[in-house]
Amino acid sequence: MLCAGDLSSRAEAAYLGLAIGDALGATVEFLTPREIIYQYVSHTEIIGGGWLKIKAGHVTDDTSMSLALGEAILSHSGKVDALAVAQAFDQWMRSKPIDIGNTVRRNLIRFRTTGETEAPLSEYDAGNGALMRLLPAALSSFQQSEADITAAILAQAHVTHNNPLSDAACLTVTQMIHGVLAGESSVSVQEKIVAPFIRHHPLFEFRYKRIENPSGYVVDTVQAVFQALFESDSFESALIDVVNRGGDADTTGAIVGMLAGALYGLDAIPKRWLKALNPEIALRCKEQAQALIANVASA
């Protein structure tokens, strides 16, 4: 187990990694790998633009929904309260964010009209929207029982995405975050967490075909994330790999960023990317990470 200072540092690296991956990937979201090669040769810098015409260093819904979730958790003493989460997401949607997924929008409108904090079980809601934003819930549930972790992760997920594939992906990525926060290596995470996950959910098998232009379907997302994370040996190489696959690149970038940040730590994040990230976003990520982990330490 890491000491408290290392744990806080890795939590911060995970949150900054999420935002950096989001900001880097937003530029090439919905481009194909060939289009990225034609325009950039290799996309390696946080420069903004893309279909959203985003400002350099700014972020999309991946990070902004995570921050909304983190605020809801911290307002309830580190607990994931479904009503507080739904209200935070609804307030976020009312702020007219730069980007919002169709499933998120539909089920938040449903919450407004019904007051129900759990979306209906749906085979059609197997998107990556619950997965991309789960980091605050993963941090706040670190070192809790398996039952409490499951309850926390699915409470935030089911506000907008109630689907077995989404659930399985969210719980597995949370296990991975917890594993590397506890000092597990990439190899160990693959053996102890990912291999059993694939045995139980073979649809997510990722080892045999390179995933390019990944869609928002959670299976595509997880396969691309696993390939980039496990076939690289640094924070930078993992992120560059995944965003240059195009497709839903802000989200694959955000998820690889949070995992690689927790795995490799703050010192592994390129200084040029930290400098390019919007300072207000960077500060909020750092403060939330530290507060969420502090709640865990004091529990």
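This is a predicted model: local features need pLDDT of at least 70, side-chain atom pairs count only at pLDDT 80 or more; totals for chains, interfaces and linings use all residues.
Local features need pLDDT of at least 70 and side-chain atom pairs count only at pLDDT 80 or more, while totals for chains, interfaces and linings use all residues. Residues are numbered from 1 along each chain as its sequence is written, and side-chain values use heavy atoms, with hydrogens and water left out.

**View 1. Threonine 221 in helix α11.** This helix covers residues 218–230; helices are DSSP runs of H or I, at least four residues, numbered from the N terminus. Threonine 221 has a relative accessible area of 0%, so it's buried (under 20% relative accessible area, 1.4 Å probe, protein chains only). Skip its neighbours within four places in sequence, and threonine 221 still has contacts (heavy atoms within 4.5 Å) with Asn128, Leu131, Ser215, Gly216, Thr252 and Ile255.

**View 2. The largest nonpolar core, with 99 residues.** A core like this is a set of buried Ala, Val, Leu, Ile, Met, Phe, Trp, Tyr and Cys residues joined through side-chain atoms within 4.5 Å. Leu131, Leu139, Met176, Ile177, Phe226 and Leu259 have the most contacts inside it. Leaving out neighbours within four places in sequence, isoleucine 177 touches Leu134, Leu135, Ala138, Met258 and Leu259.

**View 3. Alanine 84 in helix α4.** Look for it within residues 82–94. Alanine 84 counts as buried because its relative accessibility is 9%. Beyond neighbours within four places in sequence, alanine 84 is in contact with Ala72 and His76. Leucine 69 is 15 residues away from alanine 84 in sequence, and their C-alpha atoms are 8.7 Å apart.

Methods
Helices (H or I, at least four residues) and strands (E, at least two) are DSSP runs, numbered from the N terminus. Buried means under 20% relative accessible area, exposed over 50%, partly exposed in between (1.4 Å probe, protein chains only).
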